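Have the structure open as you read.

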Amino acid sequence: MTQTVDAAIVGTGPNGLAAAVTLARAGLRVELHEAAASIGGGLRGEAYFDSDVRHDVCSAVHPMAAASPFFREFDLTARGVELLGPEIGYAHPLDDGRAGLAYPDLDATCDGLGEDGRRWRQLMEPLVEHSTGLVDFIMSGQRSLPGDPAAVLLLAARLLPRRALSGFRGDVAPALLAGVAAHAVGKLPSLAADAVAMLLGHLAHATGWPLPRGGSERIARVMADDVRAHGGTIHTGSHITSLRQLDHARAVLLDTTPTQLLTLAEGRLPAGYARQLRRFRYGPGATKADFLVSEPVPWTNPDVGRAGTVHLGGSHTAIARRERLAVRGEPTDEPFVLLVEPAATDPGRAHKGKRPVWAYAHVPNGDPRDPVALLRSRIEKYAPGFGDTVLAARGVAARDYESYNPNYVGGDIGAGAMTLYQSLARPVPRLDPWRTPLPGVFLCSASTPPGPGVHGMCGHLAALSALRNRFGVREAPALGPTAPGVRA
Ligand SMILES: Cc1cc2nc3c(=O)[nH]c(=O)nc-3n(C[C@H](O)[C@H](O)[C@H](O)COP(=O)(O)OP(=O)(O)OC[C@H]3O[C@@H](n4cnc5c(N)ncnc54)[C@H](O)[C@@H]3O)c2cc1C
């Protein structure tokens with residue numbers, strides 16, 4: 001007979017793990033179920049081509065993990081996860097060989113932007129000064145009173161006049177900022193994309209855009225270690241297809257999309273709530289390629305090779321046009337691309353002259369096109385000769401992402417479109433969006449506030465809701481490392 005547990009968590013992405021950490025730290029007996037053979041969801045790593053070179057399957061760069069309230073308290077560094085700051089946070093090569101470079105140092109960034117340096121400073125400096133307050137407000141899912149009201153006013157002052165991306169004279173700074181706004185994977189310009197640009201943009205000059213030494217999987221590993229150290233159990237290869245499989249748990253937290261909740265609940269959800277879930281919309285897809293290369297990427301502009309993240313999309317207006325096409329479901333051969341060459345920041349990721357390169361493009365939801373040729377040609381445009389360095393490559397088309405991870409519907413790696421409405425009301429407009437009408441059932445994935453990215457906050461906030469509503473516990477547990485010996 002299955003043993004009774006306090007909480008069963010379905011899915012071990014960063015949010016499932018954060019929920020488990022929080023509940024186990026509150027003294028609950030937790031078990032996790034992961035459909036895949038290994039834990040981590042968007043934090044997995046694989047040795048695709050060479051047993052010594054590991055590739056980040058999904059996330060690679062962690063501005064949000066470095067800043068999020070959950071991870072600040074959990075303290076990755078104290079647990080042996082070294083967050084390596086690249087020399088340049090992100091770079092944006094233009095078609096003519098010039099490039100925008102966002103250094104951790106705001107002064108260096110502004111100097112590089114010439115006449116637009118002043119405007120960049122005007123936008124970013126006040127946010128950097130109020131970074132913790134701004135991050136805490138955004139990452140609370142905007143559901144708690146801001147501890148630093150000035151941070152919220154500063155954000156509003158940048159968003160409401162709808163000028164975040166304007167006010168520049170040249171073309172480098174707006175392209176640099178548009179590359180960050182495009183992380184919203186949606187229409188550009190838009191309030192949601194501007195908010196993402198302000199959040200991620202200022203973080204490059206605050207807590208940074210770091211890469212964990214050894215890859216993202218290190219983050220999942222220390223989170224799982226903490227769950228086990230507090231009595232939790234993790235079952236891999238355990239695909240949950242019905243909530244009835246979890247009747248032995250007093251609470252169930254789903255690191256899944258609302259679409260899966262509809263299936264798992266088998267018609268038990270109230271009709272009105274189910275209708276709202278069916279209205280939840282997915283955004284454009286990602287199509288990803290992993291390359292094993294023999295040399296650093298031969299960028300036309302060599303400064304670009306010093307960056308942790310590279311945005312390929314050309315000018316501000318070209319990016320906006322490409323993102324709109326992806327939203328409208330129209331494929332283009334020149335999509336917006338994000339590229340990471342981990343060994344540029346973490347030399348240990350290279351082995352005997354072989355290096356991983358991670359790249360994905362924003363494409364229409366469900367796009368079936370082969371990513372390898374598409375991404376190779378986009379990279380070649382800014383790094384001629386790249387193709388000659390490729391030793392091996394593999395890709396996952398947007399259409400196929402869902403069979404790898406059911407949360408990425410049609411390749412939407414945000415688990416739901418980040419429109420303004422859905423960034424505030426995901427998956428439904430409620431004060432406590434993590435709680436479902438089914439007693440003891442909670443959603444804890446990136447389909448809930450504050451949305452996509454590796455920050456653990458969806459899981460943490462869902463766990464706090466479960467503690468309050470199911471177990472009568474109002475106090476948040478401590479999350480910091482309990483013993484100095486806890487290591488990855
Ligand atoms: C290509 C790519 C690049 C990205 N790059 C970055 C980046 O650089 N930085 C960043 O911050 N974010 C990045 N992201 C986004 C980030 O990975 C996600 O936002 C984050 O992982 C979401 O976490 P989650 O816990 O909500 O869900 P996921 O990480 O998707 O995990 C969900 C888990 O639940 C499991 N699961 C689902 N249904 C079931 C079921 N029925 N039974 C059992 N298990 C189930 C899945 O197998 C999966 O392991 C990227 C994503 C992708 C795909």
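Which helices each supply at least two residues of the lining of the second largest pocket? They are α3 (69–74), α6 (131–139) and α18 (457–471). Helices here are DSSP runs of H or I with at least four residues, strands are runs of E with at least two, and both are numbered from the N terminus.

Before going further, some ground rules. This is a predicted model, where local features need pLDDT of at least 70 and side-chain atom pairs count only at pLDDT 80 or more, while totals for chains, interfaces and linings use all residues. Residues are numbered from 1 along each chain as its sequence is written, and side-chain values use heavy atoms, with hydrogens and water left out.

**The pocket**

Back to that pocket. On a 1 Å grid over the protein atoms alone, a pocket is an open set of points where a 1.4 Å probe fits, with protein on both sides within 12 Å along at least five of seven lines; lining residues have an atom within 4 Å of a point. The second largest pocket holds about 400 Å³ of space, a volume being what is filled by probe spheres set on the points, which are joined across faces, edges and corners. Its lining has 24 residues, with Ser140, Arg143, Ser144, Leu461 and Leu464 nearest the centre. α18 gives the most, 5 residues. By class, the lining splits into 13 nonpolar, 4 polar and 7 charged residues. For the record, Ala, Val, Leu, Ile, Met, Phe, Trp, Tyr, Cys and Pro count as nonpolar, Asp, Glu, Lys and Arg as charged, and the others, Gly among them, as polar. Domain 1 (5–44 + 215–279 + 416–471) and domain 2 (63–211 + 284–403) each bring at least three residues to this lining; those bounds come from an automatic or database domain assignment.

**The ligand**

Now for the ligand. It has 37 residues around it, and Glu34, Gly42, Val61, Asn405 and Gly453 come nearest; a residue is in this shell if one of its heavy atoms lies within 4 Å. Both domain 1 and domain 2 give residues to the shell, so the ligand lies between them. The biggest share of the shell, 3 residues, comes from α1, and α1 (14–25), β2 (30–34) and β14 (355–363) each supply at least two. The shell holds 16 nonpolar, 17 polar and 4 charged residues.

Three polar contacts (pairs of N or O atoms within 3.5 Å) are worth a look:

| Residue | Protein atom | Ligand atom | Distance |
|---|---|---|---|
| Proline 14 | backbone N or O | oxygen | 3.3 Å |
| Isoleucine 240 | polar backbone atom | nitrogen | 2.9 Å |
| Glutamine 260 | polar side-chain atom | nitrogen | 2.8 Å |

Taken alone, the ligand exposes 1,000 Å², and the protein buries 96% of that (areas by the Shrake-Rupley method with a 1.4 Å probe).

Most residues other than glycine have a negative phi, and most peptide bonds are trans. Aspartate 75, in the loop between α3 and β5 (83–84), has a positive phi near 65°. A cis peptide bond joins arginine 426 and proline 427, with omega about -5°; proline 427 is in the loop between α17 (420–424) and β16 (441–443). The bond from proline 449 to proline 450 is cis too, with omega near 5°, and proline 450 lies in the loop between β16 and α18.

How values were computed:
A polar contact is a pair of N or O atoms within 3.5 Å; within protein, one must be able to donate a hydrogen and the other to accept it, and residues adjacent in sequence count only if both atoms are side-chain atoms.
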